[in-house]
Amino acid sequence: MERLSGLLHLFVTVFLYNFSAFMVVPAISDVTMAALCPGKDECSSAIYLTGFQQAITGIGTLMATPLIGNLSDEYGRKTLLTLPMTLAIVPLVILAYNRTTKYFYVYTVVRTLTDMVCEGTVHCLALAYVADEVPHSRRASAFGLLAGVASAGFVCGTLTARFLSIASAFQAAATIAVLSVIYMKTFLKESIKSCSDSSHPIRKIQKVSASDGQTVGRKENFARIPSVEDMTCLLKSSLTFSQSAVVAFFNNVGESGLRASLLYYLKAQFHFSKNQFADLLLIAGIAGTISQLLLMPLLAPVFGEVTLLTVGLCASWLHIFLYGIAWSFWVPYVASMFSILVVFSPPCIRSIVSKQVGPDEQGKAQGCISGIGSIATIMSPLVFTPLTALFLSEKAPFHFPGLSIMCTGIASMIAFIQSLMIRAAPPISSCKVAGSGYIQA
């Protein structure tokens with residue numbers, strides 16, 4: 001009963017966090033365009049800025065997410081959740097106050113810095129929390145439920161944005177972000193019991209004893225930074241883990257490229273505004289929420305996460321290709337309905353990975369996969385942002401506005417092909433990252 005209560009409070013925390021974060025997504029492209037290219041539907045500066053911001057964020061998360069995941073194994077999930085959830089409030093407050101060009105640039109700098117810590121970290125820690133509380137046999141369904149709750153927050157945030165002005169959307173998002181932190185600190189219980197009473201979350205005091213057993217001193221062990229060797233150990237711990245990492249990388253390349261390009265492509269091609277973006281995101285969000293909350297818990301025990309992963313990745317590259325060849329304004333709406341299958345992929349990857357490590361390494365494993373995803377987040381904008389800007393401009397060598405979208409679909413196709421090689425997960429690996437060397441901070 002205590003575990004169920006902990007999961008419910010985690011689900012509420014994740015819902016509120018995503019509700020706040022996604023409430024401003026439909027509006028941010030309009031804010032960016034108004035600040036950089038007022039009155040225009042095509043703006044290369046906005047595309048390059050978004051891609052640059054995404055790449056810098058990826059560099060930060062590449063370093064921060066594995067570290068935070070590692071620290072959470074020792075000092076607790078709740079303790080580490082406080083940092084990213086609190087930082088996420090700051091950029092929302094800036095645009096809630098003012099959205100002029102000067103404040104937009106301040107927001108861009110602050111958001112880039114905070115996203116280096118926040119991007120993916122809350123999701124990584126939430127996955128580790130679920131893995132602490134749920135046995136292997138139910139983990140795929142539980143990860144699906146967590147993803148469904150996040151999608152529900154996405155749907156509610158997007159739906160709310162549909163009926164709010166841009167100013168009100170940022171104000172409401174900032175308020176809900178504050179409430180999510182308060183709720184988490186008040187109600188969420190620590191899943192790692194040994195960490196729940198720690199008064200020093202960033203250090204541990206260890207007694208140093210002589211050979212006769214008498215205490216002769218005390219030693220402070222500070223937070224440990226995971227090295228490249230630790231990440232390599234995890235990747236070598238099993239073939240299934242390394243294959244899942246490859247799938248996660250190429251899947252993130254596709255998703256990051258699509259995220260960096262799609263809204264600007266739709267705005268230039270079909271003159272989409274905030275409300276059309278919100279409608280498109282709502283369709284995808286509702287389809288994904290229904291799938292993760294209803295379909296995945298039913299299908300995962302029957303077919304297994306490997307099969308569902310393959311189905312999700314197949315749907316992913318198909319729907320990206322459909323975006324790329326959209327010939328009318330209604331085609332993107334049809335493509336967004338593929339989300340009912342696309343959403344299988346992330347929780348299935350995380351479930352497969354979680355079964356390859358022991359209970360004391362869940363944060364490290366999830367942080368490793370998030371870090372690999374961050375590498376993709378760095379690379380993807382560097383490739384697809386210039387391509388998007390070129391083929392949406394008048395200087396395009398030939399007319400194909402959706403070429404960059406099609407190329408992101410190729411990355412998803414590679415992930416799909418790699419997923420076909422994954423077999424049922426073997427027993428938990430005996431390779432313990434905790435036994436390898438660390439760099440002392």
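Reply: F104, Y105 and Y107 form one aromatic cluster, where rings of Phe, Tyr and Trp (its six-membered ring) pair if their centres lie within 6.5 Å, and planes under 30 degrees apart count as stacked, over 60 as edge-to-face and the rest as tilted. This is a predicted model, in which local features need pLDDT of at least 70 and side-chain atom pairs count only at pLDDT 80 or more, while totals for chains, interfaces and linings use all residues. Residues are numbered from 1 along each chain as its sequence is written, and side-chain values use heavy atoms, with hydrogens and water left out.

Across the whole structure, a search finds 10 aromatic pairs. One of these joins F15 and F19 in a tilted arrangement, 5.8 Å centre to centre with 45 degrees between the planes. Because F15 and F19 are four residues apart in helix α1 (residues 2-23), about one helical turn separates them; helices here are DSSP runs (H or I, at least four residues), numbered from the N terminus. F15 is partly exposed at a relative accessible area of 23%, whereas F19 is buried at 14%, with buried meaning under 20% relative accessible area, exposed over 50% and partly exposed in between (1.4 Å probe, protein chains only).

F104 and Y107 also form a tilted aromatic pair, 6.3 Å centre to centre and with 35 degrees between the planes. They are three residues apart in helix α6 (residues 101-118), so about one helical turn lies between F104 and Y107. Both F104 and Y107 are buried.

Note on methods:
Helices (H or I, at least four residues) and strands (E, at least two) are DSSP runs, numbered from the N terminus.
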